[in-house]
Structure formats: structure tokens, C-alpha cells
Amino acid sequence: MRFRARVPKWDNGAQCTTGKRDIEQTCGPTGIMRFISRLALFLQSTTYAMIGVTVTESASNNDRETPRSTDAIDALNRGQRSFVRLRRTTAEPAPPPGTPVTLPEISSDELMVVGVLGEDTFGKVLHVYDHSRREHVAVKQLSGPLSPIAEARFRRGALLPARLRHRGIIEIYGFGRWPGGDSYFVMELVRGIELSALIDQAPTLRERLPLLRHITACAEAIGCAHREHIIHRDIKPENVLINSRGHAVVIDWGIAKDLGTVEITGDSDLMRAFGDDPRHTVVGTVVGTPPYMPPEQARGEPVDERADVYALGALLLQVLTGVAPYAGDNALAVVQAVIDGPPPALSLLPPSLRPGLVAVIRQALARDREHRFPNGDALAKALHELAL
Ligand SMILES: Nc1ncnc2c1ncn2[C@@H]1O[C@H](COP(=O)(O)OP(=O)(O)OP(=O)(O)O)[C@@H](O)[C@H]1O
Ligand SMILES: [Mg+2]
């Protein structure tokens with residue numbers, strides 16, 4: 001019998017759960033669907049329980065930036081390999097929100113690299129064929145030795161989205177380590193195109209307008225994360241992939257944060273000097289990508305769901321104007337511009353736009369977060385009311 005750790009995603013944008021889904025609730029209670037759903041639930045319950053690395057984050061609403069101390073993190077820091085054990089379980093109800101996830105180890109022996117999907121100073125995203133899954137997957141890896149804290153943070157970038165089930169959130173399959181020691185995690189391969197490329201390929205407003213629905217989809221996906229108190233903090237067009245079925249998938253949860261936990265910081269390996277290309281993620285005291293950051297994030301203050309709302313507003317603005325909300329020669333200049341004043345691109349909004357849409361964008365981009373939509377769901381609702 002082949003055991004697989006994957007929990008299938010239901011193709012239902014409204015669905016958002018942690019852990020296993022209640023299949024009966026998803027499919028309805030009667031007839032053949034009920035039989036199929038019971039069978040699926042049974043199969044799922046017998047194959048899902050795989051024990052790997054579990055990171056339990058301490059529950060605290062304190063936003064102090066101090067390292068977490070848990071057995072699992074300590075184990076990771078000591079370089080201990082995760083382990084996989086398979087066992088049969090009976091069906092259980094979905095775990096309560098915030099329950100730590102368990103991801104299996106995926107052996108590098110099973111992986112065959114097909115190509116490179118993305119690359120930066122810290123690592124790569126590879127297109128890989130996974131022999132055990134018999135499917136193409138994407139593998140994100142760190143390059144070179146990093147501090148234990150940086151590596152734990154890398155793993156958190158997989159563990160946080162792994163807690164979420166939504167077709168608009170990248171699905172994470174497991175962790176591994178290449179023979180050379182570099183860590184990786186394996187995720188679903190999105191065959192598609194970055195939203196940034198779609199915007200660039202659409203020179204006129206008329207061509208870009210159909211892209212607005214992807215921002216609504218992102219707001220729904222991020223709303224799902226917000227319900228679990230997870231914020232992304234790096235929403236930008238490069239971190240949204242449009243898959244072959246035309247659905248938006250939010251990737252790159254590398255600086256996501258669980259608002260219910262204390263945060264790891266001080267990871268000098270992940271520090272990037274200001275002066276880098278402002279479109280790149282900056283990690284350090286300020287985290288995020290400058291043109292899409294709200295003022296409080298640019299000032300290095302603690303942020304909440306409303307920072308993601310602002311970034312989604314910046315995406316709306318970029319779709320409608322065709323340009324990023326701020327431009328600048330370097331990241332520091334953009335950070336300063338964000339702190340000093342509203343996005344220059346607001347003045348480029350076409351006068352023909354519906355006032356309701358302009359009002360939503362202005363509210364999402366409010367400089368005072370008290371005036372923004374409280375979370376992704378509220379923004380998605382406002383966009384739905386505009387039939388977007
Ligand atoms: N699951 C995936 N399927 C297909 N392509 C992917 C996937 N994940 C990432 N990519 C491609 O690789 C690029 C880089 O990935 P990602 O955004 O995760 O890393 P990054 O931006 O280099 O990392 P970081 O911002 O954390 O330094 C993406 O913009 C996308 O084009
Ligand atoms: Mg990215």
C-alpha cells in the first residue's frame with residue numbers, strides 16, 4: 001500500500017479549514033455523495049497521520065521579537081533530522097485553530113530536479129519530479145549554511161501555510177535535506193504565471209481590468225489566513241501565481257507571522273542591506289517589500305491583518321494603473337516615501353473608474369490602519385459587492 005501525506009484540496013474558494021476537512025459538510029449529507037465522502041474520509045484518515053517535524057509555537061499575544069523555545073525548534077537547531085512514522089487512525093474532527101501541523105520528511109532520493117523556477121541570494125525554487133508521489137512538485141531550498149534561527153524561520157515559512165487549506169494558498173507537502181545539508185520544503189507545483197507578468201503583459205486598462213478578480217481571490221485566501229491569525233506580510237504581484245485554471249495562488253510565506261506567537265528575529269543571515277532593488281523582500285528590522293508596505297510596516301512597527309489589507313490595496317492600484325504604488329532607485333528611498341506620503345500612483349487612477357471601486361482602494365490604502373478594512377474577508381466582501 002502506498003502512503004501519501006497529501007490532504008487533497010477541495011476546489012472551493014470559500015472553504016478554509018485547518019487540518020482535515022469535514023468531508024460530509026463539504027459534499028452534503030445524502031445519497032451517492034454521502035457514500036463517496038465517507039469512503040474518502042476513511043481513506044484520508046488512514047493515510048494522513050504521518051509524524052514529522054512539529055513546531056509548537058508558544059501561545060502569546062505578546063509581539064516581542066524573541067526566539068521561541070520548544071523541543072521541536074531545539075531539535076531543528078541541533079540539526080536532528082525529522083522522522084516519519086506511519087500509523088492508522090480513525091477519523092477525527094478537525095483540530096481547533098492554531099493546532100500545530102505535522103509535515104513528513106521527503107527523501108531527496110525520490111526527487112529529480114527538472115529545472116529552476118526562481119532564484120535569489122538565499123536559495124532557489126526548483127521544478128522537481130517526485131518519484132514517490134509520481135508527480136511534479138516545486139521545491140524551495142536555502143543555499144549555504146544559515147544560522148539555526150534562520151533555518152527554523154525557513155521552516156516556519158512552510159509550516160504556517162501548511163496549517164491552512166484554501167485553493168488560493170500554496171499547499172505544502174513536507175520537508176527534507178539535500179545530501180549536502182541544504183534544507184528544502186516540497187510544495188504543489190503551480191503551472192502558471194506570476195501576476196506581475198500578467199500586469200506587464202497588459203498595457204491598457206481595458207486589458208488589465210479582468211485581472212481585478214485575482215485580487216478578490218487573493219483577499220479571500222488571505223482572509224482565510226487571517227481567520228487563523230496568520231498574516232503574510234509580503235503580498236506583491238510576484239508572490240501571486242495564476243494557475244492553469246486561472247485561479248490565483250498566494251505563495252512565499254517566508255516572512256508570514258502567527259499573530260498568536262512570539263517571533264524569531266536577529267537572524268543576520270536573512271538581513272539584506274537597504275540599497276537592494278526595492279522590489280525585493282527586505283528582511284531585518286523592516287520586513288516586506290517596500291512598495292507594498294503600509295507606513296507602520298515601513299517604520300518597523302508591529303503589524304497585523306491590516307498590513308495585508310494595505311498590500312492588497314496596493315495590488316488593486318497596480319492592476320488599475322499598471323505601475324507599482326511607489327517607485328524609487330533603492331529600497332531605502334521607497335521606505336522613506338512610504339513613511340512620508342500616500343502612494344504616488346493613486347493620482348494615476350483613471351477618472352472613468354466607478355467611485356465605489358476608488359473608495360475601496362482608498363480605504364484599503366488608508367495610511368491610518370484604523371480606517372482600513374479590518375481583514376482580507378472584509379476587503380473581499382467589499383470587492384464582491386462591486387461584482388469583482
Ligand atoms: N509552488 C510553485 N510553483 C511554481 N512556481 C513557483 C512556486 N513557488 C515559487 N515559484 C516561482 O519561484 C519564484 C520565487 O519563489 P518565492 O517567491 O517563493 O521565492 P523568493 O521570492 O525568491 O523568496 P524570498 O522572497 O523569500 O526571498 C516565484 O515568484 C515563482 O515564479
Ligand atoms: Mg517571492
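1. Of the 388 residues in the chain, 40% are buried. The model is a predicted one, and its secondary structure amounts to 12 helices and 14 strands. When contacts between residues at least 6 apart in sequence are considered, 68% join residues at least 24 apart.

2. The largest nonpolar core holds 79 residues, and those touching the most other members are Cys218, Val250, Leu312, Leu315, Leu316 and Ala364. Helix 9 (residues 305–321) supplies the largest share of this core, 11 residues. Because domain 1 (108–188) and domain 2 (192–385) both contribute residues, the core lies between them. Another core, of 6 residues, lies apart from it and includes Leu142, Leu146, Ile149 and Ala152. As background, nonpolar side chains in soluble globular proteins tend to be buried together.

3. Setting aside neighbours within four places in sequence, valine 250 is in contact with Gly168, Ile169, Ile170, Cys218, Ala221, Ile222, His232, Asn239 and Val240.

4. In general, an α-helix has 3.6 residues a turn, so residues three or four places apart point the same way.

5. Helix 4 (residues 148–162) can be checked for its length. With 15 residues at 1.5 Å a residue, helix 4 should span 21 Å, and its end C-alpha atoms are 21 Å apart, which agrees. Of these 15 residues, 13 are buried, so helix 4 is largely enclosed by the rest of the structure.

6. Leucine 103 belongs to strand 4 (residues 102–103). Leucine 103 has 24 other C-beta atoms within 10 Å and is therefore buried. Between leucine 103 and alanine 162 there are 8.1 Å in space, C-alpha to C-alpha, although the two are 59 residues apart in sequence.

7. Tryptophan 178 sits in the loop between strand 8 (172–177) and strand 9 (183–188). Its 14 C-beta neighbours inside 10 Å make tryptophan 178 partly exposed. Not counting residues up to four places away in sequence, tryptophan 178 touches Ser108, Gln141 and Tyr184.

8. Most residues other than glycine have a negative phi. Arginine 233, by contrast, has a positive phi, near 70 degrees, and lies in the loop between strand 11 (230–231) and strand 12 (240–243). Alanine 387 also has a positive phi, near 65 degrees, and is found in the segment after helix 12 (376–385).

9. Are these residues buried or exposed? Arginine 233 counts as buried, with 21 C-beta neighbours inside 10 Å. Alanine 387 has 9 such neighbours and therefore counts as exposed.

Notes:
Residues are numbered from 1 along each chain as its sequence is written. Chains are lettered from A and ligands numbered from 1 in the order in which they are written. This is a predicted model: local features need pLDDT of at least 70, side-chain atom pairs count only at pLDDT 80 or more; totals for chains, interfaces and linings use all residues. Helices (H or I, at least four residues) and strands (E, at least two) are DSSP runs, numbered from the N terminus. The expected span of a helix is 1.5 Å times one less than its number of residues. A residue is buried if 20 or more other C-beta atoms lie within 10 Å of its own, exposed if 12 or fewer, and partly exposed in between; C-beta atoms are placed from the backbone. A nonpolar core is a set of buried Ala, Val, Leu, Ile, Met, Phe, Trp, Tyr and Cys residues joined through C-beta atoms within 7 Å. Domain bounds come from an automatic or database domain assignment. Two residues are in contact if their C-beta atoms, placed from the backbone, lie within 7 Å.
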